[in-house]
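This report describes one protein model for a reader who is new to structural analysis. Please keep the sequence and the structure in view while reading.

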Amino acid sequence: MLTRDTVFSQFISYFPQADRVLFDRACALAEQAHRLQKTPDGRDYLQHSLEVAAILTRLKVDQTTILVGILHDFLATPDASRTEIEKIFGSEVLQLIETGHKISSIPYRQKNRQQVESFRKMFVAMARDLRVVLVYLADRLSDMRAIEHCGQARKESYSRETLEVYAPLANRLGISWLKAELEDLSLQILEPEKFAALTRRITTHKEERGDYIDKVGGQIRKLLVDNQLEGDVTGRFKHFYSVYRKMERTGVDLDEIYDLIAFRVLVDSVRECYEVLGLIHATWKPISGRFKDYIAMPKANMYQSLHTTVLGPFGERMEVQIRTHQMHSIAEEGVAAHWKYKEGGPVAAVGRDDKRFSWLRQVMEWQQDVSDHAAEESSFIDLFPEEVYVFTPQGEVKELPRGASPVDFAYAIHTDVGSHCVGARINGKLSPLKTELKNGDIIEVMTATHQTPRKDWLAFVKTSKARNKIRQWVKAEQREKSMLMGRELLEKALRKHQTSLKRALLSGLLEQAATEFGYRTTDDLFASVGYGKTSPGQVISHIVPRAEKSGDADRPDTDDQDKSSRRPSQSAILIGGIDNVMVRFAHCCNPLPGEPVTGFITRGRGLTVHTIDCLQVQTSDPERRIEVQWDMHRKTLRPVKIRVICEDQKGMLVGISGAISQADANIVSATVHARGDKKGNNLFVVDVENLEHLNRVIREIKRVKGVTRVERLKN
């Protein structure tokens with residue numbers, strides 16, 4: 001049980017000027033405000049507030065942040081008084097509590113517009129003052145430590161949010177211990193059986209491998225002493241979620257993971273880091289491709305270390321991490337370790353010349369540049385990318401997301417360089433523009449004044465800047481073409497009525513028609529006709545007198561015919577509340593009822609329905625998209641592909657088939673393939689009613705003993 005004295009002792013150990021009176025007043029106020037509340041595990045709510053403060057002391061935050069940590073839930077209580085907070089603790093504390101309260105009230109929705117908006121607001125708040133986010137990371141960790149006492153639905157949703165939002169955020173801030181604990185706690189809830197099995201096996205490994213860690217650690221220490229070097233050497237097992245992810249990603253068993261144990265060497269200087277690396281490589285054979293130099297090229301969160309994997313003692317692979325004590329402090333405390341202090345406390349704002357926070361400035365740029373929904377969704381992809389570091393011919397380092405291309409690099413230099421890019425030399429060799437860049441590549445961009453952005457670049461660029469600039473150009477170009485096409489179509493249609501486009505423009509009838517259709521200018525109307533969103537017949541009906549066109553062969557499109565003569569669509573899709581429009585479903589993403597969807601108009605082919613995060617939609621013309629939704633009252637079956645990886649043993653197919661039947665789903669087809677690693681690779685096509693039904697099918701299959709992975713295939 002935590003006490004005020006315990007937490008305050010942790011605080012003054014690094015912040016000796018702390019004010020005990022203010023600390024106690026914050027605790028008293030929190031205790032009074034939450035007097036009727038209990039934590040999920042039955043403790044007084046003050047224990048949660050103190051635990052949040054204790055977690056924050058590990059990050060060595062200032063007094064303002066500690067006070068906010070204790071009072072972070074104060075505004076959610078019935079008797080909360082903003083005036084009282086401001087009077088006792090000042091406006092800064094009140095402002096941070098209010099900002100955090102707004103962030104915590106944003107509902108989390110997986111991979112849709114609300115989630116993107118939540119991320120955007122959270123990051124903008126963070127860019128203004130990082131202390132708000134540190135408080136809510138600490139709050140989330142405290143909550144996750146007690147999550148076992150909540151209901152099942154609450155546990156699962158809260159753990160998924162933690163895994164998808166808060167753990168990556170902790171990683172982006174460089175707080176590795178916090179990220180690891182959040183991931184392990186989430187895994188324990190989301191995959192309890194696999195977590196329990198993994199825990200048993202790793203615990204057994206720890207007991208068996210204790211002597212190995214002691215012996216190898218001793219050999220590394222002796223190596224340092226023999227070479228007149230001082231350093232701290234520790235050995236540790238990777239945390240559960242890291243091991244689980246590697247097993248899931250590679251399909252290997254725990255016994256096949258060779259770098260389960262990592263040794264860490266802490267020395268005093270960068271020079272000594274490289275000396276130790278040389279000694280390690282001279283003593284044990286390094287594994288090719290397993291060396292990473294994060295000292296010369298730090299991660300975006302300023303993490304620095306040397307990582308190498310060697311064929312160590314007893315012929316086993318082992319990972320060795322080498323860093324200075326200062327680097328280790330940054331790896332543990334993350335962004336908090338970089339704070340600069342004034343007399344009144346840490347600097348909240350981010351200096352423009354501080355490269356440590358360059359990624360936060362990028363978030364602010366997203367906030368300014370993103371203007372349409374499609375670009376807003378695209379920014380979601382860039383929030384937590386893995387980085388690749390490449391060089392200009394002058395030796396300047398550019399940080400890009402993993403998988404970036406020379407086009408991304410060109411746009412990172414300047415918009416004009418990206419827009420006029422015609423080719424690239426990578427390490428002196430001519431390479432295609434879609435080449436994936438690797439760490440250490442030297443890129444030279446070739447440009448030409450006649451070159452313009454191309455739509456097919458959208459298929460491989462990774463940065464939001466490149467995507468947005470290319471999309472803006474494509475949109476403008478397509479709009480110009482659509483306007484010309486729209487003018488031609490209307491000119492042709494009007495000639496059949498013995499009039500012309502010029503006459504319609506001069507008479508003002510076309511401008512009036514544009515207004516009636518909801519467009520600001522006639523150019524907008526021309527573009528709409530060219531896109532196929534508005535038919536020439538619909539425009540003619542607003543310009544030519546009805547009597548004049550009653551017998552004309554060029555009748556309005558089916559949109560203007562009597563709606564009662566149409567047969568209702570069986571697609572379960574509603575367009576503007578009307579359910580009698582012919583649609584088809586995209587094969588690239590295979591949308592299911594319940595998933596957020598959008599419609600894309602193609603001239604002569606009707607409406608195609610995609611999931612809202614489909615890559616095809618992201619690279620398409622926004623002008624051709626329209627809002628659609630599922631008619632959840634209409635039941636319809638949709639086929640979906642599911643891949644199941646399992647142990648290659650008798651009875652597995654029967655068990656999986658039974659699980660699918662148990663979930664009230666029908667198997668359309670099944671393909672079974674035995675791999676060479678004693679694993680089975682099974683592909684099922686199953687008819688499901690909606691996304692919830694699919695999730696139920698996947699849950700049932702995961703319960704089958706021997707199943708290691710279940711995933712939905714979208715094409």
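## The surroundings of Asp 524

Apart from neighbours within four places in sequence, Asp 524 is in contact with Arg 479 and Tyr 519, where contact means heavy atoms within 4.5 Å. Asp 524 belongs to helix α22, residues 522-531. Helices (H or I, at least four residues) and strands (E, at least two) are DSSP runs, numbered from the N terminus. Asp 524 counts as buried because its relative accessibility is 16%; buried means under 20% relative accessible area, exposed over 50%, and partly exposed in between (1.4 Å probe, protein chains only).

## Basis of the description

The model is predicted: local features need pLDDT of at least 70, side-chain atom pairs count only at pLDDT 80 or more, and totals for chains, interfaces and linings use all residues. Residues are numbered from 1 along each chain as its sequence is written, and side-chain values use heavy atoms, with hydrogens and water left out.

## An open sheet

Four strands, in the order β21-β22-β20-β23, make up an open sheet with antiparallel pairing. Two strands pair if DSSP finds at least two bridges between them. At the edges lie β21 (666-674) and β23 (707-713), each pairing on one side only.

Six bridges join β20 (residues 638-647) to β23 in the antiparallel sense. Arg 643 stands opposite Glu 711 in β23.

## The protein as a whole

The protein contains 27 helices and 23 strands. Of its 715 residues, 50% count as buried. Among contacts with a separation of 6 or more, 67% are between residues 24 or more positions apart.
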